Amino acid sequence: MASSLRTPDSPPHLGRAPSYIHFTPRRAMASFENLVVLANYEEHLREARKVVWRDRGEKPVEVADLGECFEHACRGGLRAGTIAFAIRSGVNFILLLTRIKRIPKRFRLSLIRHALFGEDSLRFAAMLGSFVGLYKFILNALPILLPQPQSSRTTHARTRSLFRASLPSTAEHSAADSPFDDELLEDVELGVPQPKRSSRHARLSASAQAHQVWVRKRTRRWYSAFAGSVAGAIAIMFEKQSRRTGIAQQMFVRGLQGSFNAMSDRHGFKIPHGDVIVFTLCCGQIMYAFLMRPDTLPPSYNKWIQVASKVPEEAVKMNYTLVREGYFRPEDMERAMQYPGITPQNYAYLADRLAKARLPEGLRTYGPHVVPCEAVHPDIDSCVTVQIAHFWEVFRWMLPIYGALHFIPMMLFRRRKFLERPARMLLRAALGTARSSAFLGVFVVIYQAFFCGKHNLYYKLSALRSSGGATGRSLLVALAKRMPPWAAELLISKYSFFVGGLLSGLSLFVEEKRRREELAMYVLPKGLESAWVMARGKGWVFGMGRYGDALLTAIGMGMVMSTYQNDPQHLSGLVRRILYQFIGPN
(Lines give C-alpha, C1' and ligand atoms only; values in the text may rest on other atoms or scores of the structure.)
Protein backbone atom coordinates (compact mmCIF):
# COMPACT_ATOMS: atom_id res chain seq x y z
CA MET A 1 0.00 0.00 0.00
CA ALA A 2 2.82 2.34 0.91
CA SER A 3 4.71 1.43 -2.24
CA SER A 4 1.67 2.27 -4.35
CA LEU A 5 1.54 5.79 -2.84
CA ARG A 6 5.25 6.48 -3.42
CA THR A 7 5.86 9.20 -6.01
CA PRO A 8 8.17 8.01 -8.77
CA ASP A 9 11.42 9.90 -9.39
CA SER A 10 10.73 10.16 -13.12
CA PRO A 11 7.55 10.53 -15.15
CA PRO A 12 5.80 7.26 -15.97
CA HIS A 13 6.36 5.83 -19.37
CA LEU A 14 3.49 6.72 -21.65
CA GLY A 15 2.68 5.50 -25.06
CA ARG A 16 2.80 9.05 -26.45
CA ALA A 17 4.99 12.10 -25.81
CA PRO A 18 3.95 14.12 -22.72
CA SER A 19 2.10 17.35 -23.33
CA TYR A 20 4.13 19.27 -20.70
CA ILE A 21 7.76 20.38 -20.44
CA HIS A 22 9.69 18.82 -17.60
CA PHE A 23 12.41 20.96 -15.90
CA THR A 24 14.93 19.38 -13.65
CA PRO A 25 15.71 21.32 -10.44
CA ARG A 26 19.22 22.15 -11.69
CA ARG A 27 17.91 23.73 -14.87
CA ALA A 28 15.30 25.68 -12.93
CA MET A 29 17.94 27.10 -10.60
CA ALA A 30 20.15 28.04 -13.57
CA SER A 31 17.27 29.84 -15.27
CA PHE A 32 16.44 31.72 -12.05
CA GLU A 33 20.08 32.75 -11.64
CA ASN A 34 20.12 34.04 -15.22
CA LEU A 35 17.07 36.18 -14.50
CA VAL A 36 18.76 37.59 -11.39
CA VAL A 37 21.93 38.35 -13.36
CA LEU A 38 19.89 40.02 -16.10
CA ALA A 39 17.98 42.12 -13.56
CA ASN A 40 21.22 43.18 -11.87
CA TYR A 41 22.72 44.03 -15.26
CA GLU A 42 19.77 46.23 -16.16
CA GLU A 43 19.97 47.89 -12.77
CA HIS A 44 23.66 48.64 -13.31
CA LEU A 45 22.83 50.08 -16.72
CA ARG A 46 20.25 52.38 -15.16
CA GLU A 47 22.73 53.49 -12.50
CA ALA A 48 25.39 54.11 -15.16
CA ARG A 49 22.92 56.10 -17.21
CA LYS A 50 22.16 58.32 -14.21
CA VAL A 51 25.85 59.23 -14.03
CA VAL A 52 25.64 60.69 -17.55
CA TRP A 53 22.00 61.80 -17.79
CA ARG A 54 19.87 62.96 -14.87
CA ASP A 55 16.25 61.79 -14.98
CA ARG A 56 13.45 64.28 -14.60
CA GLY A 57 11.80 64.69 -11.23
CA GLU A 58 14.88 63.88 -9.13
CA LYS A 59 14.30 64.68 -5.47
CA PRO A 60 16.62 66.96 -3.48
CA VAL A 61 19.34 65.29 -1.39
CA GLU A 62 18.94 65.77 2.35
CA VAL A 63 22.25 66.38 4.18
CA ALA A 64 22.44 66.40 7.97
CA ASP A 65 25.95 67.74 8.65
CA LEU A 66 28.94 69.29 6.95
CA GLY A 67 30.53 65.90 6.31
CA GLU A 68 27.59 64.72 4.24
CA CYS A 69 27.47 68.11 2.59
CA PHE A 70 31.13 67.84 1.57
CA GLU A 71 30.64 64.31 0.22
CA HIS A 72 27.57 65.40 -1.77
CA ALA A 73 29.50 68.36 -3.25
CA CYS A 74 32.50 66.21 -4.18
CA ARG A 75 30.30 63.67 -5.95
CA GLY A 76 28.52 66.41 -7.89
CA GLY A 77 31.72 68.23 -8.81
CA LEU A 78 33.45 65.06 -9.98
CA ARG A 79 30.45 64.08 -12.10
CA ALA A 80 30.16 67.56 -13.64
CA GLY A 81 33.88 67.75 -14.37
CA THR A 82 33.91 64.34 -16.04
CA ILE A 83 30.92 65.15 -18.24
CA ALA A 84 32.38 68.55 -19.14
CA PHE A 85 35.68 66.95 -20.11
CA ALA A 86 33.93 64.39 -22.30
CA ILE A 87 31.76 67.03 -24.00
CA ARG A 88 34.64 69.41 -24.71
CA SER A 89 36.89 66.61 -25.96
CA GLY A 90 34.13 65.26 -28.18
CA VAL A 91 33.41 68.66 -29.70
CA ASN A 92 37.12 69.31 -30.31
CA PHE A 93 37.50 65.91 -31.95
CA ILE A 94 34.49 66.39 -34.24
CA LEU A 95 35.72 69.83 -35.30
CA LEU A 96 39.14 68.35 -36.01
CA LEU A 97 37.63 65.62 -38.20
CA THR A 98 36.00 68.25 -40.41
CA ARG A 99 39.43 69.56 -41.48
CA ILE A 100 41.77 66.63 -40.88
CA LYS A 101 42.15 65.89 -44.61
CA ARG A 102 43.85 69.26 -45.10
CA ILE A 103 46.39 68.57 -42.32
CA PRO A 104 49.68 66.78 -43.10
CA LYS A 105 49.77 63.21 -41.82
CA ARG A 106 52.75 63.79 -39.53
CA PHE A 107 50.70 66.28 -37.47
CA ARG A 108 47.44 64.36 -37.27
CA LEU A 109 48.25 62.14 -34.29
CA SER A 110 49.44 65.02 -32.13
CA LEU A 111 46.38 67.11 -33.04
CA ILE A 112 44.05 64.23 -32.18
CA ARG A 113 45.81 63.80 -28.84
CA HIS A 114 45.54 67.51 -28.15
CA ALA A 115 41.84 67.54 -29.10
CA LEU A 116 41.03 64.67 -26.75
CA PHE A 117 43.34 65.42 -23.82
CA GLY A 118 44.45 69.00 -24.39
CA GLU A 119 44.52 72.03 -22.14
CA ASP A 120 41.15 73.31 -23.35
CA SER A 121 39.33 70.17 -22.20
CA LEU A 122 41.07 70.19 -18.83
CA ARG A 123 40.32 73.86 -18.20
CA PHE A 124 36.67 73.43 -19.19
CA ALA A 125 36.31 70.42 -16.90
CA ALA A 126 38.00 72.26 -14.02
CA MET A 127 35.73 75.27 -14.48
CA LEU A 128 32.43 73.35 -14.47
CA GLY A 129 33.56 70.81 -11.88
CA SER A 130 34.74 73.46 -9.44
CA PHE A 131 31.60 75.52 -9.94
CA VAL A 132 29.23 72.62 -9.27
CA GLY A 133 31.24 71.40 -6.28
CA LEU A 134 31.52 74.81 -4.66
CA TYR A 135 27.92 75.69 -5.34
CA LYS A 136 26.57 72.46 -3.89
CA PHE A 137 28.74 72.76 -0.78
CA ILE A 138 27.86 76.40 -0.06
CA LEU A 139 24.16 75.99 -0.82
CA ASN A 140 23.74 72.96 1.43
CA ALA A 141 26.12 74.17 4.16
CA LEU A 142 24.45 77.54 4.71
CA PRO A 143 21.20 76.05 6.12
CA ILE A 144 23.34 74.04 8.55
CA LEU A 145 25.51 76.96 9.63
CA LEU A 146 22.76 79.61 9.48
CA PRO A 147 19.44 77.85 10.07
CA GLN A 148 16.25 79.79 9.57
CA PRO A 149 14.36 80.84 12.70
CA GLN A 150 11.36 78.64 13.36
CA SER A 151 8.09 80.40 12.66
CA SER A 152 4.80 79.69 14.35
CA ARG A 153 3.10 76.34 14.09
CA THR A 154 0.07 77.90 12.46
CA THR A 155 2.17 79.32 9.63
CA HIS A 156 3.74 75.92 8.91
CA ALA A 157 0.37 74.22 8.95
CA ARG A 158 -1.05 76.80 6.60
CA THR A 159 1.92 76.43 4.23
CA ARG A 160 1.50 72.65 4.14
CA SER A 161 -2.22 72.95 3.49
CA LEU A 162 -1.65 75.43 0.69
CA PHE A 163 0.93 73.14 -0.86
CA ARG A 164 -1.43 70.17 -0.76
CA ALA A 165 -4.16 72.25 -2.33
CA SER A 166 -1.84 73.34 -5.13
CA LEU A 167 -0.75 69.81 -6.05
CA PRO A 168 -2.15 68.74 -9.44
CA SER A 169 -4.18 65.60 -9.77
CA THR A 170 -2.45 62.44 -10.97
CA ALA A 171 -4.66 62.42 -14.02
CA GLU A 172 -3.18 65.68 -15.22
CA HIS A 173 0.48 65.38 -14.25
CA SER A 174 2.69 62.36 -13.83
CA ALA A 175 5.43 62.02 -11.27
CA ALA A 176 8.03 62.11 -13.99
CA ASP A 177 7.17 65.69 -14.88
CA SER A 178 9.65 68.35 -13.96
CA PRO A 179 9.99 72.11 -13.99
CA PHE A 180 12.77 71.54 -16.45
CA ASP A 181 10.47 69.92 -19.05
CA ASP A 182 9.83 72.27 -21.97
CA GLU A 183 6.44 70.74 -22.66
CA LEU A 184 5.24 71.96 -19.26
CA LEU A 185 7.21 75.17 -19.22
CA GLU A 186 7.39 76.99 -22.53
CA ASP A 187 9.90 79.81 -22.74
CA VAL A 188 8.15 82.99 -21.68
CA GLU A 189 8.51 86.18 -23.64
CA LEU A 190 10.92 88.62 -22.07
CA GLY A 191 9.04 90.60 -19.46
CA VAL A 192 5.61 89.27 -20.48
CA PRO A 193 3.97 87.07 -17.83
CA GLN A 194 1.36 84.61 -18.98
CA PRO A 195 -2.13 86.12 -18.74
CA LYS A 196 -4.93 84.68 -16.67
CA ARG A 197 -2.60 82.83 -14.30
CA SER A 198 -2.45 83.72 -10.67
CA SER A 199 0.99 82.10 -10.32
CA ARG A 200 3.41 80.36 -12.60
CA HIS A 201 4.12 77.83 -9.84
CA ALA A 202 0.83 76.12 -10.65
CA ARG A 203 2.47 74.81 -13.79
CA LEU A 204 5.03 72.79 -11.80
CA SER A 205 4.57 69.08 -11.26
CA ALA A 206 4.27 67.40 -7.86
CA SER A 207 7.97 66.54 -7.65
CA ALA A 208 8.91 70.03 -8.75
CA GLN A 209 6.63 71.61 -6.17
CA ALA A 210 8.14 69.35 -3.54
CA HIS A 211 11.50 70.79 -4.52
CA GLN A 212 10.13 74.31 -4.11
CA VAL A 213 8.83 73.42 -0.63
CA TRP A 214 12.30 72.07 0.26
CA VAL A 215 13.83 75.34 -0.94
CA ARG A 216 11.49 77.45 1.17
CA LYS A 217 11.88 75.21 4.20
CA ARG A 218 15.66 74.74 4.18
CA THR A 219 17.07 77.83 2.43
CA ARG A 220 16.70 81.56 2.18
CA ARG A 221 16.62 83.25 -1.18
CA TRP A 222 20.05 84.79 -0.82
CA TYR A 223 21.69 81.42 -0.14
CA SER A 224 21.60 80.40 -3.80
CA ALA A 225 22.63 83.89 -4.96
CA PHE A 226 25.63 83.91 -2.60
CA ALA A 227 26.62 80.35 -3.54
CA GLY A 228 26.36 81.10 -7.25
CA SER A 229 28.39 84.30 -6.95
CA VAL A 230 31.26 82.73 -5.01
CA ALA A 231 31.36 79.57 -7.12
CA GLY A 232 31.17 81.53 -10.38
CA ALA A 233 33.93 83.98 -9.47
CA ILE A 234 36.32 81.15 -8.55
CA ALA A 235 35.39 78.78 -11.39
CA ILE A 236 35.86 81.34 -14.18
CA MET A 237 39.54 81.68 -13.24
CA PHE A 238 40.23 78.17 -14.52
CA GLU A 239 39.44 79.23 -18.10
CA LYS A 240 41.83 81.07 -20.41
CA GLN A 241 41.89 84.84 -20.19
CA SER A 242 40.69 85.15 -23.79
CA ARG A 243 37.52 83.15 -23.07
CA ARG A 244 36.54 84.61 -19.71
CA THR A 245 34.92 87.72 -21.15
CA GLY A 246 32.55 85.79 -23.42
CA ILE A 247 31.51 83.42 -20.64
CA ALA A 248 31.03 86.25 -18.16
CA GLN A 249 28.86 88.17 -20.62
CA GLN A 250 26.63 85.18 -21.33
CA MET A 251 26.13 84.46 -17.64
CA PHE A 252 25.35 88.09 -16.93
CA VAL A 253 22.67 88.41 -19.62
CA ARG A 254 21.14 85.07 -18.62
CA GLY A 255 20.93 86.34 -15.07
CA LEU A 256 19.28 89.54 -16.27
CA GLN A 257 16.81 87.49 -18.29
CA GLY A 258 15.73 85.30 -15.39
CA SER A 259 15.65 88.11 -12.85
CA PHE A 260 13.63 90.40 -15.09
CA ASN A 261 11.12 87.68 -15.94
CA ALA A 262 10.70 86.83 -12.25
CA MET A 263 10.32 90.48 -11.27
CA SER A 264 7.80 91.21 -14.01
CA ASP A 265 5.75 88.18 -13.00
CA ARG A 266 5.93 89.04 -9.32
CA HIS A 267 4.87 92.66 -9.73
CA GLY A 268 2.42 92.08 -12.56
CA PHE A 269 3.78 94.40 -15.24
CA LYS A 270 4.62 93.54 -18.82
CA ILE A 271 6.52 94.94 -21.80
CA PRO A 272 4.91 93.85 -25.07
CA HIS A 273 7.48 92.37 -27.47
CA GLY A 274 10.25 92.90 -24.95
CA ASP A 275 12.52 90.43 -26.75
CA VAL A 276 12.17 92.38 -30.02
CA ILE A 277 12.90 95.66 -28.25
CA VAL A 278 16.09 94.26 -26.71
CA PHE A 279 17.10 92.78 -30.06
CA THR A 280 16.58 96.04 -31.96
CA LEU A 281 18.54 98.11 -29.44
CA CYS A 282 21.43 95.66 -29.54
CA CYS A 283 21.39 95.53 -33.34
CA GLY A 284 21.54 99.32 -33.47
CA GLN A 285 24.63 99.32 -31.27
CA ILE A 286 26.26 96.40 -33.09
CA MET A 287 25.76 97.81 -36.60
CA TYR A 288 27.03 101.22 -35.49
CA ALA A 289 30.09 99.55 -33.98
CA PHE A 290 30.67 97.43 -37.09
CA LEU A 291 30.80 100.50 -39.36
CA MET A 292 32.12 103.22 -37.03
CA ARG A 293 33.86 101.48 -34.09
CA PRO A 294 34.96 97.99 -35.16
CA ASP A 295 37.51 97.98 -32.35
CA THR A 296 34.68 97.56 -29.80
CA LEU A 297 33.57 94.19 -31.25
CA PRO A 298 35.48 90.90 -31.27
CA PRO A 299 37.42 90.40 -34.55
CA SER A 300 35.63 87.12 -35.23
CA TYR A 301 32.24 88.82 -34.88
CA ASN A 302 33.28 91.63 -37.24
CA LYS A 303 34.37 89.04 -39.77
CA TRP A 304 31.04 87.18 -39.49
CA ILE A 305 29.03 90.38 -40.06
CA GLN A 306 31.23 91.20 -43.04
CA VAL A 307 30.54 87.82 -44.63
CA ALA A 308 26.80 87.96 -43.88
CA SER A 309 26.43 91.48 -45.34
CA LYS A 310 27.58 90.36 -48.83
CA VAL A 311 29.30 93.74 -49.16
CA PRO A 312 32.95 94.10 -50.28
CA GLU A 313 35.33 94.70 -47.41
CA GLU A 314 36.83 97.69 -49.22
CA ALA A 315 33.43 99.42 -49.18
CA VAL A 316 33.26 99.14 -45.38
CA LYS A 317 36.78 100.56 -45.03
CA MET A 318 36.01 103.49 -47.36
CA ASN A 319 32.79 104.25 -45.48
CA TYR A 320 34.71 104.36 -42.19
CA THR A 321 37.33 106.85 -43.41
CA LEU A 322 34.86 108.96 -45.41
CA VAL A 323 32.40 109.43 -42.55
CA ARG A 324 35.02 109.98 -39.86
CA GLU A 325 37.86 111.70 -41.72
CA GLY A 326 36.31 112.87 -45.00
CA TYR A 327 38.60 110.92 -47.33
CA PHE A 328 39.20 107.41 -48.65
CA ARG A 329 42.39 105.61 -49.43
CA PRO A 330 42.97 105.23 -53.19
CA GLU A 331 44.11 101.62 -52.79
CA ASP A 332 40.73 100.72 -51.30
CA MET A 333 38.97 102.25 -54.29
CA GLU A 334 41.28 100.37 -56.66
CA ARG A 335 40.44 97.06 -55.00
CA ALA A 336 36.73 97.89 -55.19
CA MET A 337 37.13 98.49 -58.93
CA GLN A 338 38.68 95.02 -59.28
CA TYR A 339 35.59 93.32 -57.81
CA PRO A 340 34.58 90.28 -59.91
CA GLY A 341 31.59 91.05 -62.09
CA ILE A 342 31.60 94.82 -61.60
CA THR A 343 29.31 96.55 -64.09
CA PRO A 344 30.66 99.15 -66.57
CA GLN A 345 28.44 101.87 -65.09
CA ASN A 346 29.68 101.30 -61.55
CA TYR A 347 33.29 101.02 -62.76
CA ALA A 348 33.05 104.36 -64.55
CA TYR A 349 31.65 106.13 -61.48
CA LEU A 350 34.30 104.70 -59.15
CA ALA A 351 37.05 105.56 -61.65
CA ASP A 352 35.83 109.17 -61.72
CA ARG A 353 35.87 109.37 -57.91
CA LEU A 354 39.37 107.90 -57.86
CA ALA A 355 40.65 110.36 -60.49
CA LYS A 356 39.34 113.35 -58.50
CA ALA A 357 40.98 111.98 -55.33
CA ARG A 358 44.36 111.90 -57.10
CA LEU A 359 44.32 115.50 -58.25
CA PRO A 360 46.82 118.00 -56.81
CA GLU A 361 46.26 119.22 -53.26
CA GLY A 362 44.29 122.34 -54.13
CA LEU A 363 41.99 120.59 -56.61
CA ARG A 364 41.59 117.26 -54.82
CA THR A 365 38.11 116.19 -53.74
CA TYR A 366 36.74 112.97 -52.33
CA GLY A 367 33.08 113.63 -53.01
CA PRO A 368 30.28 113.20 -50.44
CA HIS A 369 31.44 111.91 -47.07
CA VAL A 370 29.84 108.52 -47.50
CA VAL A 371 30.72 105.42 -49.47
CA PRO A 372 28.98 105.36 -52.88
CA CYS A 373 26.40 102.68 -53.59
CA GLU A 374 28.50 101.70 -56.62
CA ALA A 375 31.12 100.34 -54.19
CA VAL A 376 28.57 98.67 -51.91
CA HIS A 377 27.09 96.53 -54.69
CA PRO A 378 29.53 96.85 -57.63
CA ASP A 379 28.08 93.88 -59.53
CA ILE A 380 24.51 95.31 -59.67
CA ASP A 381 23.54 98.79 -60.86
CA SER A 382 20.11 99.08 -59.24
CA CYS A 383 19.77 99.74 -55.51
CA VAL A 384 16.40 97.93 -55.63
CA THR A 385 17.38 94.81 -57.53
CA VAL A 386 20.36 94.24 -55.25
CA GLN A 387 18.06 93.69 -52.28
CA ILE A 388 16.42 90.69 -53.94
CA ALA A 389 19.79 89.25 -54.95
CA HIS A 390 21.30 89.70 -51.49
CA PHE A 391 18.25 88.21 -49.78
CA TRP A 392 18.60 85.06 -51.87
CA GLU A 393 22.36 84.89 -51.25
CA VAL A 394 21.95 85.17 -47.47
CA PHE A 395 18.99 82.76 -47.44
CA ARG A 396 20.94 80.15 -49.40
CA TRP A 397 24.07 80.70 -47.29
CA MET A 398 22.26 80.18 -43.98
CA LEU A 399 19.99 77.34 -45.13
CA PRO A 400 22.41 74.45 -44.32
CA ILE A 401 23.44 76.05 -41.01
CA TYR A 402 19.90 76.54 -39.75
CA GLY A 403 18.92 73.20 -41.27
CA ALA A 404 21.41 71.45 -39.00
CA LEU A 405 20.16 73.43 -35.99
CA HIS A 406 16.57 72.38 -36.68
CA PHE A 407 16.92 68.79 -37.92
CA ILE A 408 19.73 67.36 -35.76
CA PRO A 409 18.21 68.23 -32.33
CA MET A 410 14.87 66.85 -33.54
CA MET A 411 16.41 63.47 -34.39
CA LEU A 412 18.54 63.33 -31.24
CA PHE A 413 16.15 64.57 -28.56
CA ARG A 414 12.71 63.93 -30.09
CA ARG A 415 13.20 60.54 -31.64
CA ARG A 416 9.95 59.16 -30.27
CA LYS A 417 7.85 61.94 -31.79
CA PHE A 418 9.85 61.74 -34.99
CA LEU A 419 9.20 58.01 -35.34
CA GLU A 420 5.51 58.44 -34.51
CA ARG A 421 4.87 61.33 -36.91
CA PRO A 422 7.87 61.64 -39.27
CA ALA A 423 6.12 63.66 -41.98
CA ARG A 424 4.81 66.26 -39.56
CA MET A 425 8.14 66.61 -37.73
CA LEU A 426 10.10 66.92 -40.99
CA LEU A 427 7.68 69.56 -42.27
CA ARG A 428 7.94 71.47 -39.01
CA ALA A 429 11.75 71.39 -39.14
CA ALA A 430 11.73 72.47 -42.79
CA LEU A 431 9.45 75.42 -42.07
CA GLY A 432 11.58 76.40 -39.09
CA THR A 433 14.71 76.29 -41.24
CA ALA A 434 13.07 78.46 -43.90
CA ARG A 435 11.88 81.02 -41.32
CA SER A 436 15.28 81.25 -39.63
CA SER A 437 17.08 81.67 -42.95
CA ALA A 438 14.53 84.26 -44.09
CA PHE A 439 14.99 86.15 -40.81
CA LEU A 440 18.66 86.85 -41.50
CA GLY A 441 17.93 87.59 -45.16
CA VAL A 442 15.31 90.17 -44.18
CA PHE A 443 17.74 91.67 -41.67
CA VAL A 444 20.34 92.25 -44.41
CA VAL A 445 17.74 93.59 -46.86
CA ILE A 446 16.35 96.13 -44.36
CA TYR A 447 19.75 97.52 -43.49
CA GLN A 448 21.03 97.74 -47.03
CA ALA A 449 17.76 99.26 -48.27
CA PHE A 450 18.02 101.88 -45.52
CA PHE A 451 21.71 102.41 -46.35
CA CYS A 452 21.14 103.00 -50.05
CA GLY A 453 17.88 104.88 -49.51
CA LYS A 454 19.26 107.53 -47.17
CA HIS A 455 22.29 108.11 -49.36
CA ASN A 456 20.24 108.44 -52.54
CA LEU A 457 17.93 110.86 -50.73
CA TYR A 458 20.95 112.90 -49.65
CA TYR A 459 22.27 113.00 -53.23
CA LYS A 460 18.88 114.16 -54.53
CA LEU A 461 18.47 116.87 -51.91
CA SER A 462 22.03 118.08 -52.42
CA ALA A 463 21.54 118.29 -56.18
CA LEU A 464 18.28 120.22 -55.87
CA ARG A 465 19.73 122.59 -53.30
CA SER A 466 22.92 123.24 -55.28
CA SER A 467 21.06 123.92 -58.53
CA GLY A 468 19.28 126.87 -56.96
CA GLY A 469 16.44 126.70 -59.44
CA ALA A 470 14.44 123.84 -57.99
CA THR A 471 10.87 124.23 -59.10
CA GLY A 472 7.81 122.05 -58.91
CA ARG A 473 5.48 120.68 -56.32
CA SER A 474 7.11 117.35 -55.59
CA LEU A 475 8.00 116.29 -52.05
CA LEU A 476 11.74 116.37 -52.77
CA VAL A 477 11.55 119.94 -54.02
CA ALA A 478 9.66 120.97 -50.90
CA LEU A 479 12.23 119.25 -48.70
CA ALA A 480 15.12 120.84 -50.58
CA LYS A 481 13.64 124.32 -50.07
CA ARG A 482 12.73 124.01 -46.40
CA MET A 483 15.27 121.54 -44.93
CA PRO A 484 18.26 123.23 -43.25
CA PRO A 485 21.70 121.99 -44.28
CA TRP A 486 22.40 120.35 -40.93
CA ALA A 487 19.24 118.24 -41.24
CA ALA A 488 20.34 116.87 -44.61
CA GLU A 489 23.76 116.05 -43.16
CA LEU A 490 22.08 113.79 -40.62
CA LEU A 491 21.34 111.37 -43.47
CA ILE A 492 25.05 110.62 -43.84
CA SER A 493 26.12 111.17 -40.23
CA LYS A 494 27.59 108.36 -38.20
CA TYR A 495 24.50 108.23 -35.98
CA SER A 496 22.33 107.27 -38.95
CA PHE A 497 23.94 103.84 -38.95
CA PHE A 498 22.52 103.22 -35.49
CA VAL A 499 19.02 103.95 -36.82
CA GLY A 500 19.56 101.38 -39.58
CA GLY A 501 20.38 98.77 -36.97
CA LEU A 502 17.18 99.58 -35.08
CA LEU A 503 15.11 99.08 -38.21
CA SER A 504 16.89 95.83 -39.07
CA GLY A 505 16.07 94.45 -35.64
CA LEU A 506 12.41 94.37 -36.64
CA SER A 507 13.27 91.37 -38.81
CA LEU A 508 13.03 89.31 -35.62
CA PHE A 509 9.26 89.20 -36.18
CA VAL A 510 9.97 86.81 -39.07
CA GLU A 511 11.50 84.28 -36.67
CA GLU A 512 9.42 81.87 -34.64
CA LYS A 513 8.20 83.39 -31.37
CA ARG A 514 9.83 80.84 -29.08
CA ARG A 515 13.26 81.53 -30.63
CA ARG A 516 13.12 85.31 -30.37
CA GLU A 517 14.25 85.51 -26.77
CA GLU A 518 17.23 83.25 -27.43
CA LEU A 519 18.33 85.46 -30.33
CA ALA A 520 17.94 88.54 -28.15
CA MET A 521 20.10 86.92 -25.47
CA TYR A 522 22.70 86.08 -28.13
CA VAL A 523 23.20 89.67 -29.33
CA LEU A 524 22.81 91.33 -25.92
CA PRO A 525 26.38 90.54 -24.69
CA LYS A 526 27.88 91.91 -27.92
CA GLY A 527 25.86 95.11 -27.72
CA LEU A 528 26.62 95.63 -24.03
CA GLU A 529 30.34 95.00 -24.53
CA SER A 530 30.54 97.49 -27.40
CA ALA A 531 28.59 100.14 -25.48
CA TRP A 532 30.72 99.61 -22.37
CA VAL A 533 33.99 100.00 -24.30
CA MET A 534 32.72 103.21 -25.91
CA ALA A 535 31.54 104.59 -22.58
CA ARG A 536 34.84 103.70 -20.94
CA GLY A 537 36.72 105.48 -23.73
CA LYS A 538 34.72 108.64 -23.03
CA GLY A 539 35.35 108.36 -19.29
CA TRP A 540 31.70 107.72 -18.43
CA VAL A 541 32.35 104.41 -16.66
CA PHE A 542 35.28 102.92 -14.82
CA GLY A 543 37.44 100.01 -15.86
CA MET A 544 37.14 96.81 -13.85
CA GLY A 545 40.79 95.78 -14.18
CA ARG A 546 42.13 92.25 -14.36
CA TYR A 547 39.38 90.84 -12.15
CA GLY A 548 36.51 92.38 -14.08
CA ASP A 549 35.55 89.06 -15.68
CA ALA A 550 35.36 87.38 -12.28
CA LEU A 551 33.23 90.21 -10.91
CA LEU A 552 30.85 90.11 -13.88
CA THR A 553 30.60 86.32 -13.62
CA ALA A 554 29.85 86.55 -9.89
CA ILE A 555 27.01 89.01 -10.50
CA GLY A 556 25.61 86.98 -13.38
CA MET A 557 25.79 83.58 -11.68
CA GLY A 558 24.28 85.03 -8.52
CA MET A 559 21.23 86.08 -10.50
CA VAL A 560 21.12 82.85 -12.52
CA MET A 561 21.33 80.50 -9.54
CA SER A 562 18.89 82.53 -7.46
CA THR A 563 16.34 82.23 -10.27
CA TYR A 564 17.18 78.58 -10.91
CA GLN A 565 16.80 77.55 -7.30
CA ASN A 566 13.69 79.60 -6.52
CA ASP A 567 11.90 80.32 -9.82
CA PRO A 568 13.35 77.96 -12.47
CA GLN A 569 10.42 78.51 -14.83
CA HIS A 570 11.68 82.04 -15.53
CA LEU A 571 14.92 80.84 -17.11
CA SER A 572 15.07 79.85 -20.76
CA GLY A 573 14.62 76.17 -21.55
CA LEU A 574 18.21 75.74 -22.71
CA VAL A 575 19.75 77.22 -19.56
CA ARG A 576 17.31 75.36 -17.33
CA ARG A 577 18.10 71.96 -18.86
CA ILE A 578 21.87 72.51 -18.74
CA LEU A 579 21.81 73.56 -15.10
CA TYR A 580 19.56 70.67 -14.15
CA GLN A 581 21.82 68.10 -15.80
CA PHE A 582 24.98 69.45 -14.18
CA ILE A 583 23.64 70.54 -10.77
CA GLY A 584 20.32 68.82 -10.17
CA PRO A 585 17.83 69.98 -7.53
CA ASN A 586 20.52 70.89 -4.98
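**Notebook: salt bridges, rings and surface**

I began with the charged pairs, and the count comes to 18 salt bridges, taking a salt bridge as a side-chain nitrogen of Lys or Arg within 4 Å of a carboxyl oxygen of Asp or Glu. I note that this is a predicted model, in which local features need pLDDT of at least 70 and side-chain atom pairs count only at pLDDT 80 or more, while totals for chains, interfaces and linings use all residues. Residues are numbered from 1 along each chain as its sequence is written, and side-chain values use heavy atoms, with hydrogens and water left out.

Of the 586 residues, 41% count as buried, where buried means under 20% relative accessible area, exposed over 50%, and partly exposed in between (1.4 Å probe, protein chains only).

Arg75 and Glu71 meet through their side chains at 3.2 Å, N to O, and because they are four residues apart in helix H3, about one helical turn separates them. Arg75 is exposed at 59% relative accessibility, whereas Glu71 is partly exposed at 41%. Arg293 forms a salt bridge with Asp295, with the closest N and O atoms 3.1 Å apart; here Arg293 is partly exposed at 23% and Asp295 is exposed at 54%. I also noted a network of salt bridges that links Asp120, Glu239, Lys240 and Arg243.

I stayed with helix H3, which covers residues 66-97, to look up Gly81, which lies in this helix and is buried, with a relative accessible area of 11%. Which residues does Gly81 contact, leaving aside its neighbours within four places in sequence? I found Ala125 and Gly129, with contact meaning heavy atoms within 4.5 Å. Gly81 and Leu122 are 41 residues apart in sequence, and their C-alpha atoms are 8.8 Å apart in space.

For the aromatic residues I counted 15 pairs; rings of Phe, Tyr and Trp (its six-membered ring) pair if their centres lie within 6.5 Å, and planes under 30 degrees apart count as stacked, over 60 as edge-to-face and the rest as tilted. The rings of Phe70 and Phe137 have centres 6.3 Å apart and planes at 85 degrees, so this pair is edge-to-face. Phe70 lies in helix H3 and Phe137 in helix H5 (residues 119-145), so the pair ties together parts that are 67 residues apart in sequence. The rings of Tyr327 and Tyr366 are also described as edge-to-face, because their centres are 6.2 Å apart and their planes stand at 65 degrees.

I checked where charges sit over rings, which requires NZ of Lys or CZ of Arg within 6 Å of the ring centre and within 35 degrees of the ring normal. The charged end of Lys454 sits over the ring of Phe451, 5.6 Å from its centre, and Lys526 lies over the face of Tyr301, at 5.4 Å from the ring centre.

Last, I looked at the surface, where Leu66, Leu145, Leu146, Trp222 and Phe226 form a nonpolar patch with about 470 Å² of accessible area together. Patches are made of residues with over 30% relative accessible area and no salt bridge, like charges being joined within 9 Å and nonpolar side chains (Val, Leu, Ile, Met, Phe, Trp, Tyr) within 5 Å; accessible areas come from the Shrake-Rupley method with a 1.4 Å probe, and for residues only the protein chains shown count as cover. Leu66 is partly exposed at 37%, and Trp222 and Phe226 form one aromatic cluster with Tyr223.

Definitions and conventions: Helices (H or I, at least four residues) and strands (E, at least two) are DSSP runs, numbered from the N terminus.
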